Structure formats: C-alpha cells, structure tokens
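Please keep the sequence and the model in view while reading.

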Amino acid sequence: MDIDNLFKVPKLPAGGNKRKMPDNPTPEMLKKMRTGVVPPERESSSPEPQTNGKGTGRVATVEDEEDVDMDHGFAPGGDADYFAEEDEDGRFFGGGLTAEQKEILNIFESAGGEGALDDSEGLSITAIRRMLLRFERAMNKNQDLRSKYPDDPTKFIDSEADLDAAIKALLPLAQAPVLAYPELVRSGTVAFLVGLLAHENPDIVIDVVEVIHELTDEDVGNEDEDEESEETVEEALKILIEGLLENSILELLVDNMSRLKETEESDRQGVFHILGVFENILGFNPQLSTKLVEKTAILSWLLRRIQSKAHDENRGYAAELLSILLQDNKNNRQEFCKQDGVETTLKTLSQYRRRDPVDADEIEFMENVFDALCSALSEPAVKAQFLAAEGPDLMVLIMKEKLQAKSRSIKVLDYAMSGVAGSALCEAFIEASGLKTLFPAFMGKGSKKQKSTTNLPPSEDIGHILGIISSLFSNIASDSPARIRLLAKFVESNYEKIDKLLEIRDSARTRLKLVDAEIATEAKEITDEDERSDSEATWYLRRLDGGLFKLQTVDYILAWVIMEDDGIRTHALQMLQRQNHSLKDIVQTLRIFHENVDDSPETRPTEGEGDYSPSQKDILEALITALDSSE
C-alpha cells in the first residue's frame with residue numbers, strides 16, 4: 001500500500017470551471033460543496049504547499065478548514081445580502097431573502113403594493129391621481145363583470161379581489177390630506193366610494209367604511225405640523241366631509257348597520273368603523289347631529305343596541321354616540337322622548353342596581369348611559385316621562401345599594417328635580433323615601449352592612465346632593481307634610497346637617513379666595529375698560545368653578561332653613577359668629593347669585609292661574625328681603 005496515494009490531495013479545479021452556487025441549493029448540494037474543495041482564487045494567494053517528506057501533499061490545518069467554511073460562494077439559504085451587510089466586528093447578517101425573492105418584493109413595491117406609500121412625503125399629486133385611477137378602473141371592471149355574469153361568481157371573483165386591494169390602497173391618503181382630499185372630491189372618487197356602500201358584497205362595504213373612517217379621523221396628516229398646516233388640514237377635512245354629505249353618506253351608513261351581522265367578526269368591525277365615522281363627523285361639526293337623527297334611523301338603532309345582554313365594544317360605542325347626540329341638542333332630546341328613550345335607558349340601568357360593571361369598558365358604558373339620561377332630562381317632556389316610568393324610585397334603590405352606580409344615580413336625580421318642571425319629581429322623591437338615603441350620603445355615613453360608619457363622599461357627589469336639596473326647597477310647597485319632613489332632617493341629631501353645610505361653606509370660601517387673588521392680579525394688568533368688561537364674564541365663570549357655585553348653593557339652603565326654623569336660625573348664627581361671619585355674608589352671596597342668575601323664561605303658569613311657581617330670581621329676592629329684615 002502506498003501511503004503517499006492515501007494522503008494525496010485532489011487536483012484543484014481550474015478557475016474557469018468553478019461551480020456557482022444556485023439561489024436555492026439543496027441540502028445534498030451544500031454537503032458536497034463543504035467537502036474540502038478550496039476555491040481557485042484562494043489557491044493563487046496561498047503559500048506553497050508544505051511537504052511531510054513522504055509526498056507532495058499539503059498538511060491539513062485548522063486554517064484550511066475555516067477557509068473552506070468561509071467560502072464566499074456559499075450563503076445560508078442563498079441570502080442575497082449575506083455578504084453585503086457587515087457589522088463592526090466583521091460579522092455578516094443578511095436580509096433573509098434570496099435574489100429571486102428580493103426581485104419579487106421590488107416589483108411589488110414599485111407597483112404600489114401595501115406599504116409602498118406609507119410615507120406621506122412620497123405622495124405627490126401625480127401618485128395620488130394614479131392611485132385613484134387604479135381604484136376607478138378596478139371598480140368599473142368589477143361592475144361590468146357583475147352585470148354580465150350576475151349568476152356566475154367565478155367570472156367576477158378575481159375583479160372583486162382587485163377592487164378590494166384598490167380600496168385598501170387608498171388608506172395612505174390620510175397621511176396627505178391637503179393634497180389628497182380636494183382631489184378625492186374633484187375626481188369624483190368620493191361619490192364612487194359612497195356608491196360602493198350599496199355593493200352586493202359586504203366585504204367591499206366593510207373595506208369602504210374602514211377607508212372613510214381613516215380619512216375622516218381628526219388626527220389625519222403628520223403629527224409634527226405647525227398651526228398654519230393644521231388650519232390647512234382642517235380645511236381639507238371640511239372639503240372631504242362636505243363631499244361625503246352631498247352623497248348621502250349618513251343614510252347609507254345607517255342602512256348598512258342593519259345589514260351587517262355582528263355575530264361575524266368582520267361585520268362587527270364594520271359596525272365599529274361606522275360608529276367611528278359618525279363620531280369623526282360629529283366631532284368636526286357637532287351641529288350635524290340634528291341632521292343625523294332627523295334623516296336616519298340611528299337613534300332607534302342605538303336604543304336597541306344598548307339593550308343587548310352581552311356587553312361588547314360596539315355596545316359601549318353605541319352608548320357613547322347616544323350621549324353625544326343628546327348633548328346640547330333640544331331636537332334630539334325631543335326625538336329621544338318620542339321613541340321612549342327614558343324607558344329604554346332605565347331598563348338598561350336597572351341591571352346595575354344589584355351588580356357592578358365587570359370591567360373598565362362596561363363602567364364607561366354605564367356612565368355614558370347615565371350621561372345620556374342626564375342630558376335628556378333638561379327637557380320638561382323627558383322629566384314627565386321619567387316620572388311616569390318611576391325613574392325616581394329606581395334611582396333611590398340604586399343609591400341604597402351603594403355600588404358604583406350610586407354616584408351616577410345622584411347626578412340623575414339632581415338633573416331631574418331641578419327647575420319648575422321638577423316639582424312633581426321632588427314630591428315623588430320624598431314619597432320614595434329618598435330623604436332616608438340622601439342625607440346619610442350627604443353626611444358620608446356608610447350602610448349598616450359596612451364596618452366603617454364614615455365614608456366621605458366625592459366632591460362631585462356633594463355638589464349634586466346640594467343641588468337636590470336646593471331643588472327640594474325650591475319646589476316643595478310650604479307647610480306641606482313633605483316640607484316638614486325635609487326641615488326635620490336639619491333639626492335631628494343636634495343640627496349636624498347645619499354643621500356639615502357650614503363646613504362645606506368654609507371649604508368653598510377658602511378655594512374662592514385663591515381664585516379671587518389670581519383674578520385681582522390679572523385685573524391690575526388690564527388698563528383698557530373694554531377689555532376689562534369682556535374679561536368679567538370669564539372671571540365670573542372661573543369663580544363659579546373655583547368654589548362660588550358651591551358657596552351659592554350652600555347659602556341658598558341656609559337662607560331657607562334659617563328663615564323657616566328658629567332653632568336652626570339660632571344654631572347657625574352661633575356657628576357663623578365663631579368664624580367671624582354673620583347673615584350679611586350669606587345675603588352678599590345671594591345678591592351675587594341674584595345678579596347673575598339665568599332669568600330665561602320658562603313654561604310656567606302666571607300668578608293667579610292656579611299652580612303658580614315663582615322663578616329662581618323671584619325666590620332669591622324674597623330670601624334677601626327676609627334675611628335683611630331679620631337682622
């Protein structure tokens with residue numbers, strides 16, 4: 001046996017015969033390429049082979065093995081960028097794509113695929129028009145094939161997929177509203193989009209809704225825009241929304257809400273985006289809420305939707321939109337009353353008498369339904385419906401349970417019992433044993449089931465409780481049994497309710513002093529009389545928020561009880577003197593209240609017509625006169 005032959009190195013291939021690694025090598029090919037063959041380019045630069053004295057073969061070394069492994073003709077997975085990307089330490093990292101895959105991706109991006117126009121800086125007017133033209137062609141082709149082969153979906157299914165892609169390709173336009181939105185309207189694309197809301201395929205409708213939702217979002221455009229750019233974006237958004245309204249967008253969206261089946265995830269998302277479009281449009285122009293309710297069946301849909309037993313995000317969104325529609329809109333509140341909205345909301349809220357919402361989303365839902373009811377109760381007709389539906393009884397029951405709905409029920413009672421139209425509700429509240437529940441809440445006392453006997457109510461609750469007490473004194477007839485029961489609450493337990501009122505009064509005065517000091521500093525800097533006159537209204541609103549409103553309500557209640565009960569009068573004067581105050585301070589507060597009270601006319605019988613009810617201004621004048629004469 002010849003040992004030299006055993007260790008003989010194979011002949012190296014010539015440079016022109018070097019094997020090329022294909023883009024997608026097989027495992028067998030990779031194994032063959034790693035059998036120790038040295039590429040010719042490395043042969044020319046390597047030193048002369050060493051001999052072992054027994055033959056002419058090279059001595060195998062570790063370096064030789066590494067050279068084979070680092071063959072630049074080999075890249076894991078055929079990665080086209082494996083040797084092109086090198087870090088500081090000489091390590092190589094590829095993009096994970098072969099040359100063929102990279103070429104496909106480049107073609108896709110150049111053709112305007114998803115993500116190709118994510119950067120708004122790349123959206124020129126030419127690119128926008130090209131995108132709109134592709135959309136229009138895809139739409140026309142789909143309509144033609146559907147009309148030719150209405151009973152053969154295989155004929156138009158490919159065109160429908162193209163239309164789906166063309167619609168979704170419009171999403172990046174939201175990043176360039178100033179350029180894109182006027183072009184959308186001018187080219188008629190807005191009309192085409194709205195027209196597709198009547199498409200036979202619900203998936204196409206859902207795509208269109210998603211695009212409109214994205215285009216009408218209040219945050220369209222770049223986040224780093226200056227104020228001037230924001231004004232331009234707002235103008236562009238106005239053009240788009242007006243174009244949508246001209247094509248009856250509201251009616252078509254509401255029609256599709258009953259068409260979509262929320263049992264399916266895609267349809268449920270479609271409804272969610274429809275509600276989002278309504279919120280976007282109303283956020284841009286709140287006055288459109290009247291048109292939305294008048295021209296569509298949105299209100300009845302929302303009232304049905306909030307009654308669903310299972311809670312989901314669309315139910316929560318429906319409650320939020322209902323609250324928005326009823327806020328500061330008299331016509332919508334009246335329509336709410338016509339559709340028995342009070343009965344529906346009370347039925348929905350009754351479930352929270354015995355249980356709390358399970359999560360934050362349901363808490364928000366509950367609060368939105370309460371807020372919608374509060375807004376509606378500004379109308380006398382809604383208050384009458386609230387009384388007929390035994391709303392005061394339900395609110396008192398919710399207060400007794402002391403769950404999360406308690407605070408909201410107090411707020412509802414405050415709205416319901418205010419004003420002349422709340423007189424009947426005040427009487428119903430007392431008949432429902434509301435005083436037994438109201439004053440423990442006022443004093444911050446817990447229920448018998450609770451170990452703690454003191455639980456200070458939130459400041460918001462105190463404000464609404466004071467509003468309820470104020471309405472009771474304004475609306476309950478003098479010398480009536482209900483009035484006597486109300487006064488007795490302030491006498492019991494050694495006048496503890498009076499002490500509580502004075503404690504709240506002192507806290508409100510302390511807050512008000514800080515606000516007055518700030519206003520005084522600002523007033524010194526204003527020398528122009530016209531500017532000072534314009535600022536007075538703003539200053540008064542700040543004072544109301546800074547404690548004046550609560551101070552006025554407390555002094556209004558104190559004036560009533562001091563005038564009607566001698567024992568309360570004596571105790572209140574003693575407590576006021578300890579704070580270096582007197583009745584003059586209460587009278588001064590009432591005078592400010594009287595000067596600024598809203599004396600807008602209400603529907604009430606005039607004096608001598610039977611059930612005459614004096615206005616708030618009349619009551620304040622009588623209280624001021626009574627306290628002045630008693631000093």
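Helix 21 spans residues 391–401, and its buried residues are Gly391, Pro392, Leu394, Met395, Val396, Ile398 and Met399. Here, buried means under 20% relative accessible area, with exposed over 50% and partly exposed in between, using a 1.4 Å probe and protein chains only. Helices (H or I, at least four residues) and strands (E, at least two) are DSSP runs, numbered from the N terminus. The buried residues of helix 21 pack against helix 18, helix 19, helix 20 (380–388), helix 22 (406–417), helix 23 and helix 24 (434–443); contact means heavy atoms within 4.5 Å. Just after helix 21, lysine 402 adopts a positive phi of about 55°.

## Basis of the model

The model is predicted: local features need pLDDT of at least 70 and side-chain atom pairs count only at pLDDT 80 or more, while totals for chains, interfaces and linings use all residues. Residues are numbered from 1 along each chain as its sequence is written, and side-chain values use heavy atoms, with hydrogens and water left out.

## The protein as a whole

The protein contains 30 helices and 0 strands. It has 631 residues, of which 41% count as buried. Among contacts between residues at least 6 apart in sequence, 69% join residues at least 24 apart.

## Helices 18 and 19

The axes of helix 18 (residues 341–349) and helix 19 (residues 360–376) come within 10 Å and cross at roughly 150°. Axes are lines fitted to C-alpha atoms, for helices over the stretch in contact, and angles run from 0 to 180 degrees between N-to-C directions. Helix 18 and helix 19 are therefore roughly antiparallel to each other: angles over 145 degrees count as roughly antiparallel, under 35 as roughly parallel, 65 to 115 as roughly perpendicular and the rest as oblique.

In this pair, Val342, Thr345, Leu346, Thr348 and Leu349 of helix 18 meet Phe365, Met366, Val369, Phe370 and Leu373 of helix 19. By class, this contact has 8 nonpolar, 2 polar and no charged residues. Ala, Val, Leu, Ile, Met, Phe, Trp, Tyr, Cys and Pro count as nonpolar, Asp, Glu, Lys and Arg as charged, and the others, Gly among them, as polar.

## Helices 23 and 25

Helix 23 (residues 423–431) and helix 25 (residues 459–475) have axes that come within 9 Å and cross at roughly 110°. The two helices are therefore roughly perpendicular to each other. Ser423, Cys426, Phe429 and Ile430 in helix 23 meet Ile468, Ser471, Leu472 and Asn475 in helix 25. These residues divide into 5 nonpolar, 3 polar and no charged.

## Helices 12 and 13

The axes of helix 12 (residues 249–259) and helix 13 (residues 265–284) come within 10 Å, crossing at roughly 150°. That makes helix 12 roughly antiparallel to helix 13. From helix 12, Leu250, Leu253, Val254, Asn256 and Met257 meet Val271, Ile274, Leu275, Val277, Phe278 and Ile281 of helix 13. The contact has 10 nonpolar, 1 polar and no charged residues.

## Valine 211

Valine 211 lies in helix 10 (residues 202–215) and is buried, with a relative accessible area of 1%. Leaving aside its neighbours within four places in sequence, valine 211 is in contact with Ile167, Leu170 and Leu171. Valine 211 and histidine 273 are 62 residues apart in sequence and 9.2 Å apart in space, C-alpha to C-alpha.
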